[in-house]
Protein chains: 2
Amino acid sequence: MPSIINSPNAPFCVAADWGTSNFRLWLLSGDGTPLEELRSEEGLTRLPDRNFAAVLETKLAEMNAPSGLPVVICGMAGSRQGWVEAPYVETPASLDTVLLNAVRVPGLRRDVRILPGIAQKSASVPDVMRGEETQLLGISGLGGDQTVCMPGTHCKWVSLRGRVVTGFTTFLTGELYSVFSNSTLLKHSVDPAARVQPDNAEFLDTCAALIQEPDLLTARLFTIRAAGLLHGQSPLRASAVLSGLLIGAEIGAARKTYRSSDVTLVGAGRLGTLYEAALALAGCKVTPVDAEQVVRNGLHAAASSFWAREERQSA
Amino acid sequence: MPSIINSPNAPFCVAADWGTSNFRLWLLSGDGTPLEELRSEEGLTRLPDRNFAAVLETKLAEMNAPSGLPVVICGMAGSRQGWVEAPYVETPASLDTVLLNAVRVPGLRRDVRILPGIAQKSASVPDVMRGEETQLLGISGLGGDQTVCMPGTHCKWVSLRGRVVTGFTTFLTGELYSVFSNSTLLKHSVDPAARVQPDNAEFLDTCAALIQEPDLLTARLFTIRAAGLLHGQSPLRASAVLSGLLIGAEIGAARKTYRSSDVTLVGAGRLGTLYEAALALAGCKVTPVDAEQVVRNGLHAAASSFWAREERQSA
């Protein structure tokens, strides 16, 4: 029934981002429109029985996904500790090579493919990504050479030349913010629940100083504690300074390698707005894109390359 | 009995370093020789009942310390959360002013005095120390202007001009090493029990790189994880790299403020030898002194200023 398959609202595939702690699925139409969406906390670390196939089929049934519909997956599901390993593609890595190295899950009637991550096998600055390559696929349509900043628990800075990832750097910024707030003596000073805003003066001042001198980070962490003891600095201000120190140090260090003043920011929510403000302080011209939309776009682009509609019609 | 009091082996005072997690006491002779020594884990955080006087008297009885013997204490016992607050002396802080601001514990028959810490009340780089001022007193006899490096959980760099502390900076290096090894994704890569040695090649190479470019710290942390995944880097090598990143970033950042190439290193054990090797890489001429000996010397100097032997004889 080609007419139904080609209808813009007919399900074309299921796209999934299956990470360490979260699992997100979308039922996508042929043009990439999300028809259904599901979120769950059944990330890798919450599946001790490793029953990936059963979890996936349960989700697909909840979505009323037709039984023959193919599924494309990105994220840690393709890691060695995941469902089926999709070995890393090495830099310089064309996103087309990433697509060609997707791994089909064996032993299933349904066509389920997992996208590989990218590895930078340099001896001095080894690095890996899984999931971000799919977001890069989702923004590669912007064209040209891009410096991409992807904030999160483990923020990535990426040099993308057309469709080729030439190099990247991971910063633990999000994880450091959490661990400094909860597990060091700074926990007595900051408010771990603080929602620092991008117009916060302490955040901006600290960011600006650290962008100029990112090596100040280690010398300034303890001032957060001392300012509380000596000047009664509030927990919100303390959190703003900590956020400014970490984001400023990241941007200051990253800008030594990624020098283009045009930065594509793959952000979301409040964290995205903090990075947007900080990058502006660094003199960058920022193109913000929505992190969730670009992963969906990337998965749709992958699905379109695997299952061209012509192919589906002839099947 | 002046002859007994003046005997070099007669007890002159008890000196105590009473910190957050530990409590160390020495029975000192008039010339500062330790006649007895006790260590305990009854630091501040382990005394929920705040029964400081009772704990001290128990220890003194264990040492057979005469009932009239005075006691001098440094460390967190003088903090607001401690036994009796000894308010901070502000920078520029003469060590003589520190001595003059010791606080006598009220309501005791025994003469017990607690030394104050030092505060740097700057708006931009506030900082505090408690305990290190006593170590500085112990090395002030070296004379002249000194740049002092005091490694530990919270490492201090201090500018000491004669007997005046003109400025200082706290680095969380020891705490960061512990929290990165145990509470971040690096815990999958490092060996928290590794005993990195000062001739370890990965430690020295990483230190040298970070001393030159301390802002690389945030960009390099994740390489520890990636090198394990991609190159099978051993946990010991990973720990050596983490140690090199943190100590190198500290020294690289500290050297921007503390430029003298002569550094007095108040160290102990393996950590002291790591700093000694790292400071040599930074081109510093290092004078190592033993951390425990200098705190004892500082407490003895304080006691000698409070209780001159002439005074004791006339009492």
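Ala, Val, Leu, Ile, Met, Phe, Trp, Tyr, Cys and Pro count as nonpolar, Asp, Glu, Lys and Arg as charged, and the others, Gly among them, as polar. The model is predicted, with local features needing pLDDT of at least 70 and side-chain atom pairs pLDDT 80 or more, while totals for chains, interfaces and linings use all residues. Residues are numbered from 1 along each chain as its sequence is written, chains are lettered from A in the order in which they are written, and side-chain values use heavy atoms, without hydrogens and water.

**Exercise 1.** Find out whether Thr173(A) is buried or exposed, and what its side chain touches.

*Solution.*
- Start with the accessibility: buried means under 20% relative accessible area and exposed over 50% (1.4 Å probe, protein chains only).
- Thr173(A) has 7% relative accessibility, so it counts as buried.
- Next, look for a polar contact, a pair of N or O atoms within 3.5 Å, where within protein one must be able to donate a hydrogen and the other to accept it, and residues adjacent in sequence count only if both atoms are side-chain atoms.
- The Thr173(A) side chain makes one with the side chain of Glu250(A), at 2.6 Å.

**Exercise 2.** Sort the lining residues of the second largest pocket by kind.

*Solution.*
- A pocket is an open set of points on a 1 Å grid over the protein atoms alone, where a 1.4 Å probe fits, with protein on both sides within 12 Å along at least five of seven lines; lining residues have an atom within 4 Å of a point.
- Here 48 residues form the lining, with Met76(B) and Glu132(B) among those nearest the centre.
- Sorting gives 16 nonpolar, 19 polar and 13 charged residues.
- As for space, the pocket holds about 1700 Å³, a volume filled by probe spheres set on grid points joined across faces, edges and corners.
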